[in-house]
Amino acid sequence: MPKVSICLPVYNGARYLASAIDCILAQTFEDFEILVADDCSTDESAQIISDYAARDKRIVNWLNEKNLKLFGNYNHCLSKAQGQYIKPFAQDDLLEPTALARMVAVLDSEPGVALVTSSKRWIDGAGQTTKVLKRFENDIRLPSADVILANLIVLNNWIGEPATTMFRREHAGSGFDERFYHWGDIDYWFRILQNGDLFVIGDTLCAFRMHEGSATAGNLSGLYYAADIVKMYQSWHCYLDLLGESESHFFARAAEEIALHMDYLEREKGLTAALVRSASGSHKDGLTEETLGDFRVA
């Protein structure tokens, strides 16, 4: 069995997919499998995946029978993972050559750690670094309760996106909650952290690509993360209860955060009303009554 299962969900990722796979194959740690799930892509993704799979037996690939969406596709990969450790990845992102080795070393030596993450940098569509996000200069192990509370207070995921993390397959549980649009990763990290601490590697091991066509951009412009905030409170307010924060105070903070973020997107990212309508319309047929209720609360 491989030591690490790398889960790579793909949907119309032809533009950056080869770079993503190349950076995995260039890792100094080589005991891994790459699970590549094509979620009914309509571009050249299938051919790119097939070409790589023919060249490297560690690549296990398949085409989904129907479109599962991002978190559903991650879960499909998780269901097939054989490795001791799980490394989620993304079709747009990049890893430094030592990323797997560094993360495996932590999980091997720290049995009380449930989740590993690292510092990261943001890159644009051309691969140029736009920002480096380094919360801790040096490696640090943090109690899970502190991490969860800190993320809920700032209403931001500073643990990191899937491509920055690694965890034990025994802690995979039921996988990502597919009801989420944008915050499915942080909710999953919280559930994994019920099993142990977070370890943050201070060095920058991941490049997270922000571009116009990314899922993150679409979810933010469609305001789906506002509904996700409601779900997060419903699931994790017990940590805020320990601070004595009321529900009304939490949602007052949430309203401020949503307004500030929309202002940032409008000023810095060119967000317009037309883009919001377009992003919202792409999901409207799939909204459940539960999600509609969350929007009303938001």
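Let's start at lysine 66, which touches Asp39 and Cys40, leaving aside residues up to four places away in sequence. This is a predicted model, and in it lysine 66 sits in the loop that runs between β3 (59-63) and α3 (69-80). With a relative accessible area of 59%, lysine 66 counts as exposed, because the cut-off for that is over 50%. For a sense of distance, take alanine 207: its C-alpha atom and that of lysine 66 are separated by 29 Å, and the two residues are 141 places apart along the chain.

How much of β6 is buried? Ten of its eleven residues are, so the strand is largely enclosed by the rest of the structure.

| Partner of β6 | Residues | Sense | Bridges |
|---|---|---|---|
| β9 | 166-168 | antiparallel | two |
| β7 | 129-133 | antiparallel | four |

You can pick out a bridge position for each partner. Serine 118 has isoleucine 201 as its bridge partner in β10. Leucine 115 is opposite phenylalanine 167 of β9, while lysine 120 is opposite leucine 133 of β7.

**Helix α6 and what covers it**

β6 also turns up among the elements that cover the buried residues of helix α6; others include α3, β4 (85-88), α5 (144-154), β9 and α8. Helix α6 (residues 184-192) is mostly covered, with eight of its nine residues buried. Those buried residues are Gly184, Asp185, Ile186, Asp187, Tyr188, Trp189, Phe190 and Ile192.

**Aromatic pairs**

Across the whole structure, a search turns up 13 aromatic pairs. Which geometry do phenylalanine 190 and tryptophan 236 adopt? Their planes stand at 90° with the ring centres 5.3 Å apart, so this pair is edge-to-face. The pair bridges distant parts of the chain, since phenylalanine 190 belongs to α6 and tryptophan 236 to α8, 46 residues apart. Both phenylalanine 190 and tryptophan 236 are buried.

Another edge-to-face pair is made by phenylalanine 250 and phenylalanine 251, at 5.1 Å centre to centre and with 85° between the planes. Phenylalanine 250 and phenylalanine 251 are buried too. Then there's a cluster, in which ring pairs link Phe71, Tyr74, Phe167, Phe176, Tyr188 and Trp189. Phe167 is the residue opposite leucine 115, and Tyr188 and Trp189 are among the buried residues of α6.

**Helices α8 and α11**

Finally, back to α8 (residues 224-241): its axis comes within 8 Å of the axis of α11 (residues 289-297), and they cross at roughly 95°. How are α8 and α11 oriented to each other? They are roughly perpendicular, because angles of 65 to 115 degrees count that way. On the α8 side, the contact involves Tyr224, Ala227, Val230, Lys231 and Gln234. On the α11 side, the residues are Glu290, Thr291, Asp294, Phe295 and Val297. Sorted by class, this contact has five nonpolar, two polar and three charged residues.

Definitions and conventions
Residues are numbered from 1 along each chain as its sequence is written. This is a predicted model: local features need pLDDT of at least 70, side-chain atom pairs count only at pLDDT 80 or more; totals for chains, interfaces and linings use all residues. Side-chain values use heavy atoms; hydrogens and water are left out. Buried means under 20% relative accessible area, exposed over 50%, partly exposed in between (1.4 Å probe, protein chains only). Contact means heavy atoms within 4.5 Å. Two strands pair if DSSP finds at least two bridges between them. Axes are lines fitted to C-alpha atoms, for helices over the stretch in contact, and angles run from 0 to 180 degrees between N-to-C directions. Angles under 35 degrees count as roughly parallel, over 145 as roughly antiparallel, 65 to 115 as roughly perpendicular and the rest as oblique. Ala, Val, Leu, Ile, Met, Phe, Trp, Tyr, Cys and Pro count as nonpolar, Asp, Glu, Lys and Arg as charged, and the others, Gly among them, as polar. Rings of Phe, Tyr and Trp (its six-membered ring) pair if their centres lie within 6.5 Å; planes under 30 degrees apart count as stacked, over 60 as edge-to-face and the rest as tilted.
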